[in-house]
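Thanks, everyone, for making the time this morning. I would like to walk through the strand arrangement of one model, sheet by sheet, so please keep the structure open while I talk.

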Amino acid sequence: MSKIGRNPPRFAVNLEAWGDALALIGQDGGGISYRQLAEAADRFGASLPDDVGLLAVEARSRVEALIAYLGALRHGVPVLLHPGGAAVARILDHFRPDARYAPEGDDWRLKMTPTPWECAPHPELALLLSTSGSTGSPKLVRLSAAALDSNARAIASYLGLTQRDRAVTGLPLSYSYGLSVLHSHLAVGASVLLTELSMADPAFKDLLHVQGVTGLAGVPHNYELMERCGLLADLPASVTTLTQAGGAMAQDLAARVAAQAARTGARLFIMYGQTEATARIAYLRPELLARYPGAIGQAIPGGKLWLENAQRQRAGVGEAGELIYRGPNVMMGYAHERRDMAGPPGPDVLRTGDLAIEIAPGLFRVVGRKGRVVKPCGLRIGLDDLEARFAEAGAKAFVAGDDGLVVIAATTPADIDKARQALAVLELPAHLFAFLRLAEIPRLPGGKIDYPAILRAGRAGEDRPASSGANPIETVEQYYRRLARGAPLSDTDSFDSLNGDSLSYVQCSIAIEEALGETPEGWETLPLARLRSLARANAARRFAKRGPMWLESDILVRCLAIVQILFQHALGNMQGGADLLMMLAGFSWFRFQQPRLVAGGSGAAFVDFARRYLLIYLAIMLAVFAVNRKIAWSHQLFFSTFLGDWGGILNTYWFIESLAWCVAAICLVLSVPPVRQFAARRPAAFNLAFVGAALAIRLAGGLVLDAPAHVFRSPDQMLIYFAVGWAAAAAGWRLRLALFALLGAVSATAWGWDDSHVAAMAVAAGLIVFARRIPMPRLVGRAVATVAAASFYIYLFNAFPIYLTDTVLHSKFGRFWWLQIVASLGLGIAAFMAFAYFEKLRAGAPRWTRSTGRRIALAAMAKRLH
């Protein structure tokens, strides 16, 4: 088979052995069998001229790239896999491959660039990969066919892979970890789903569900993304194996990932490796994760690990030393020049450069990097040690440096401040350190931190806090901290990812308009880093503020709805505002809570709803009980709206009871896994089914619970408005119009076509369907937004002005309807501002206070740095 007598790796040779089993699957669902893959690979390999000694392949997650890669391996032609892009040009120019295979538009083309060889590549050479940390002169890792094969089979062995498994290419194939996923699955005849989607893309989650993926691989940053976008909480039942490598994962994140995996019966393998060892060196068995957090585990099958101290003698248990690995997967050596490819294999021992301790016989934990120690002014400072101390202080900060400067980088002012305080305890010379605030921490293609880039930015003085000025979106961040409820903010956090609600949406949208001079389309999905960038770019517009304020139409509708309710309570004959608020509740729940619900967070979502809305109502109920010494059981159980049990001051709060039942209904429905999966895969169909179910429930409720006062205020009636609002949030304008027409018909059936309910719905339909944003004078816009943001509190405390004017003043002085409305607005807005201020204090409270003992311990550890 081989043109020049090389021995390809067995997983490439034995493709035919798996016959018609599915090998590769595309995003569109189409796939090719192992037999077809072998035939296509052989056709490509046979097409290569005899004088091709090195083939460069752009390692895209595409069938074409894998056919070329496997075809070259099967025909004994060494391959240089690379990620493409301008950064790779230097490597290609330096090593001058004889042929290059890469996409041009929609087609893949083979370009011949033959260059005479002084010495042909070594017969055992199969693959060249760039080291993940290489930033200087081009340096490639030389890997033999035997190394590729042994590592693939070792990984398949300890993961327990079989032909029934199916992986997904969530990592670049030019990265040794990503490539090892392909190799290990090909070694056992399993299948691989090819995709270039980000793990944070909703379509990626859909692919996992539809294609029955069994294994996910990721670096720590991938798992952070998966947690934020809800993928971890909604893992398909088919996923049985999660693997993590590419740097140490925070122990709390690892624990959360393992817990999520356990819910569906999946296992989390923590792994350790280097490109110099093909991919994997060690792994931690899932059952040991809780017992040995932070450990890399044991050597892979066929390998051996030990530690050596500075004198290159074996280190004992508990003693730190350099981690040494021996195994058949160790590289042949590095290639700095083209001629190095002819060099013979080096020793099968790899000095990893990582410092580790043996925490139990055969089990290791990496504690630092041998090369991550600097000596400015003669002081020995471990950069990893500093990072660990900052993490203990609650700061997400990263440290890069050399003997001249140590740069401490973070993305938020809070992290910078915590890192400063932690560093001050160590009593090191302040002039050795530079603090750097970055919009985003730079990362290498494999997801690891790009420390050289941090150091370069520190030397250039980019984005220094002293020169960056005040944070232009500080008010927005205050609101986001309240939504985060004590959790630290990240630059990747958005309003959506923090599970914001409708009232917070109004507040944040106004704050963003003030900061940016406009409200960007889809701002709720923009990460904080992007909002900061826009704020700085729009500085001139922000300070000019000459134009009108643009409010989203649902904010105006919310304002009109609560004002209509106040007029109805004061004068009567202006009904319909509550229907609009219920529709807006469904509209907002889809916009801000639907991702959380389909990710399996129904229980947490309902608890948040109860905490924010129901606790205040329960407090009012207790106050009423303190005065009247009696509350009907139907009010206590939120059942009065089903029975038509009206009267007394609690009559005003029928809306809260109905809203609670509607929210409970959608949370309960989406807590059922099959329903949740259907809603995730086919949201439009689920939304219409929800509307249909609400109509059916109303028909049934009218037959069973048709009490005299029940007919139009009951949860089954209100569920229609909630469901239509839910569906309208995701609908196009035509479907929105049809849904509002449905609500108009429902209202007309209940109240008659000439009633204010129908008129209110018509106004709402015109605004929400045909006018997404509405310009208005800035002063008017702020007033409208304030009333909309405070609408819940205005509604909640409206009962007290009603009681005062109707019971106390009316009998003596006549009707005071205007005072009732003004007092309701003032009291509600004041309550809203008071609660907002209280939450702001809670969110902004400092959390870094330490005990004296903690300070003493840190100071003692600091002395080890000198």
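Seven strands make up an open sheet, and their order is E6-E5-E3-E4-E7-E8-E18, with mixed pairing. At its edges stand strand E6, residues 107-112, and strand E18, residues 333-335, and since each has a single partner strand, one side of each is left without a neighbour in the sheet. On average, neighbouring strands here are turned by 30° against each other, direction ignored. Before I go on, a word on the source: this is a predicted model, in which local features need pLDDT of at least 70 and side-chain atom pairs count only at pLDDT 80 or more, while totals for chains, interfaces and linings use all residues. Residues are numbered from 1 along each chain as its sequence is written, and side-chain values use heavy atoms, with hydrogens and water left out.

As for terms, helices (H or I, at least four residues) and strands (E, at least two) are DSSP runs numbered from the N terminus, and two strands pair if DSSP finds at least two bridges between them. Angles run from 0 to 180 degrees between N-to-C directions, with axes as lines fitted to C-alpha atoms, for helices over the stretch in contact, where contact means heavy atoms within 4.5 Å.

Within this sheet, strand E4, residues 79-82, and strand E7, residues 125-130, run parallel and are joined by two bridges; Val 79 stands opposite Leu 127 in E7. Helix H5, residues 145-159, lies across E7 and strand E8 (140-144), and runs at about 80° to E8.

Let me turn to another open sheet, which has four strands in the order E16-E17-E19-E20, paired antiparallel. Here strand E16 (304-308) and strand E20 (363-369) stand at the edges, and neighbouring strands are turned by 50° against each other on average, direction ignored. Six bridges join the antiparallel strands E19, residues 349-360, and E20, and Leu 355 has Gly 368 in E20 as its bridge partner.

Finally, which strand is mostly covered? That is strand E13, residues 267-272, where five of the six residues are buried, meaning under 20% relative accessible area with a 1.4 Å probe, protein chains only. Strand E12, residues 241-244, runs parallel to E13 and is joined to it by four bridges, with Leu 242 opposite Leu 268. E13 also pairs with strand E14, residues 282-284, in the antiparallel sense over three bridges, and there Tyr 272 stands opposite Ala 282.

Technical notes: Buried < 20%, exposed > 50% of the residue type's maximum accessible area, 1.4 Å probe, protein only.
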